[in-house]
Amino acid sequence: MGGGQENRPPPPQYQGGWNSREAPVMKKGATNRTVFNPVVADETQHTKQLSAVPSKPSAGNLRSPICSIMGDASSGKTMLLHCIRGSNVQQGHEACSFTHYPAQEIRGRSLLVIDAPCHQSFKRSGLCDIAILVVDIMHGIQQQTIDSLDLLKRTNTDLIIVLNKVDRICAWQTCRNAPIREALMQQYASAKYEFRRRVVKIVSQFRMLGVNAQLYYENNTMGETFSIVPTSAISGEGITDMLFLLFGWTQKTMIEKLTYSEDVQCTVLEVKVIEGYGTTIDVVLAQGVLRRGDQIVVSGMKGPIVTTIRALLTPHPMEELCIKGSFMHHKEIKAVMGVKITAQGLEHAIAGASLYLVKPDDDLEYVKQVAMEDVESVLSRIEGSGEGVCVEAPRLLKKL
Ligand SMILES: Nc1nc2c(ncn2[C@@H]2O[C@H](COP(=O)(O)OP(=O)(O)OP(=O)(O)O)[C@@H](O)[C@H]2O)c(=O)[nH]1
Ligand SMILES: [Mg+2]
């Protein structure tokens, strides 16, 4: 770091967050919503750091933002993720875990995008920096968007609203990969009218939920009003606008939040048995470095699991973690990254809990204690009526 760094102005304060974006008046019909209940639990408890003296974040050393794609069933979340990556969705292909999108054209920065429906635990973890909330422009807001808003509000996560499937508007003329305003200029008056009518309807639906939102290019009060980007994940209209907004907004408002720290911050997304590897855990490494041979503690149903990282695996470039195939082995992985860990004794690991790195000076018993507190926190986030089993399975809705 150069000597000129000392004279740098302090980083701008994080302006994201929800308070200023809430519509001031709750309209008729919104009174039963759970969206603006006060915070119920310390959802970000897992982020506590273990070392007595946390290492100083070094200015100018930014990590990639972590972005979660959320929203209504079949609104096009997975398709959008594939669109960002420029790959095709295979028929019958399940939602993918994460992709590390190499956004070289945007100042060499990258973005970790997580398709959240299969990762309820991650959605609750509060680890994501910004969310893409996807609404089908043809259907408007559905229950899952309401639930997602509730969650994002509770974890104070910033968001960008995407109105997907604009290509399904009657008489829409395809303008492949065009910025949305250019695409709109090419449309017949009837399509423009239909587009505007649907946007106005969805903006008012958001307002009914107490959320101020506006088309991003008409939004003069970003920071107070959430931005809406219309897109088509099929023909690509608006995708560049979405990426521009994602990178622009995170860089502008989250400098402090995105400052890289050596203190490992890591959440378990999934526990999976993989042929040839045994039980593995897929984790999101949000801060710090993990190395092969590191001692780690993971929360388990039968108590804390103390183990050693046997292998750190990532998919080959441009594949997601959930696609079967060969993996790349790494000696070490630096945040931000989605990584698969193989180690002994992971059978009872709990998704949604933190992974703790045991440093040479750390008190192992204390780390185990913290890991078990995590279990209580994760279990308390699973809602149940007290009878039967509570299953959270948005995908089932589509299949029923
Ligand atoms: N016309 C059109 N169809 C789309 C678009 N995006 C997605 N689709 C279609 O909508 C359907 C659902 O897309 P997905 O990407 O699987 O939606 P999803 O939100 O991931 O669905 P779940 O994960 O099951 O909640 C698929 O048939 C897609 O081809 C779009 O922009 N335009
Ligand atoms: Mg999906």
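**Helices at the ligand**

I looked up which helices take part in the shell around ligand 1, and found that α1 (77-85) and α8 (394-399) each supply at least two residues of it. Of these, α1 gives the most to the shell, with 3 residues.

The model is a predicted one, in which local features need pLDDT of at least 70 and side-chain atom pairs count only at pLDDT 80 or more, while totals for chains, interfaces and linings use all residues. Residues are numbered from 1 along each chain as its sequence is written, chains are lettered from A and ligands numbered from 1 in the order in which they are written, and side-chain values use heavy atoms, with hydrogens and water left out.

**Shell and contacts of ligand 1**

I then listed the surroundings of ligand 1: 17 residues surround the ligand, and the closest are Lys77, Thr78, Met79, Asp167 and Ala233. A residue is near a molecule here if one of its heavy atoms lies within 4 Å of it. By class, the shell divides into 4 nonpolar, 6 polar and 7 charged residues, where Ala, Val, Leu, Ile, Met, Phe, Trp, Tyr, Cys and Pro count as nonpolar, Asp, Glu, Lys and Arg as charged, and the others, Gly among them, as polar.

A polar backbone atom of Met79 is 2.8 Å from an oxygen atom of ligand 1, a backbone N or O atom of Gly76 lies 3.0 Å from an oxygen atom of the ligand, and for Ile234 I noted 3.5 Å between a polar backbone atom and a ligand oxygen. The protein covers 77% of the 640 Å² of accessible area that ligand 1 has on its own, with areas taken from the Shrake-Rupley method with a 1.4 Å probe.

I also placed Asp167, which is found in the loop between β5 and α4. Asp167 has a relative accessible area of 24% and is therefore partly exposed; in my notes buried means under 20% relative accessible area, exposed over 50%, and partly exposed in between (1.4 Å probe, protein chains only). Asp167 and Thr231 are 64 residues apart in sequence, yet their C-alpha atoms are 8.2 Å apart in space.

**Backbone angles**

I checked the peptide bonds and noted that the one from Ala335 to Val336 is cis, with omega near 5 degrees; Val336 lies in the loop between β15 (332-334) and β16 (337-342).

Asn156 has a phi of about 50 degrees, sits in the loop between α3 (143-154) and β5 (158-164), and counts as partly exposed at 38% relative accessibility. Asn177 has a positive phi near 60 degrees, lies in the loop between β5 and α4 (180-185), and is exposed, with a relative accessible area of 51%.

**Rings**

I counted aromatic pairs, and the structure holds 2 of them. The rings of Tyr216 and Tyr217 have their centres 5.4 Å apart and their planes at 80 degrees, so this pair is edge-to-face; both Tyr216 and Tyr217 are buried. The rings of Tyr277 and Phe327 have centres 5.7 Å apart and planes at 85 degrees, so this pair is edge-to-face. Rings of Phe, Tyr and Trp (its six-membered ring) pair if their centres lie within 6.5 Å, and planes under 30 degrees apart count as stacked, over 60 as edge-to-face and the rest as tilted.

Tyr277 is partly exposed at 26% relative accessible area, whereas Phe327 counts as buried at 10% relative accessibility.

I recorded one charge over a ring: the charged end of Lys334 sits over the ring of Tyr260, 4.5 Å from its centre. The criterion is NZ of Lys or CZ of Arg within 6 Å of the ring centre and within 35 degrees of the ring normal.

Leu62, in the segment before β1 (66-71), is partly exposed with a relative accessible area of 29%. Leu62 and Leu258 are 196 residues apart in sequence and 5.4 Å apart in space, C-alpha to C-alpha.

How values were computed:
A polar contact is a pair of N or O atoms within 3.5 Å; within protein, one must be able to donate a hydrogen and the other to accept it, and residues adjacent in sequence count only if both atoms are side-chain atoms. Helices (H or I, at least four residues) and strands (E, at least two) are DSSP runs, numbered from the N terminus.
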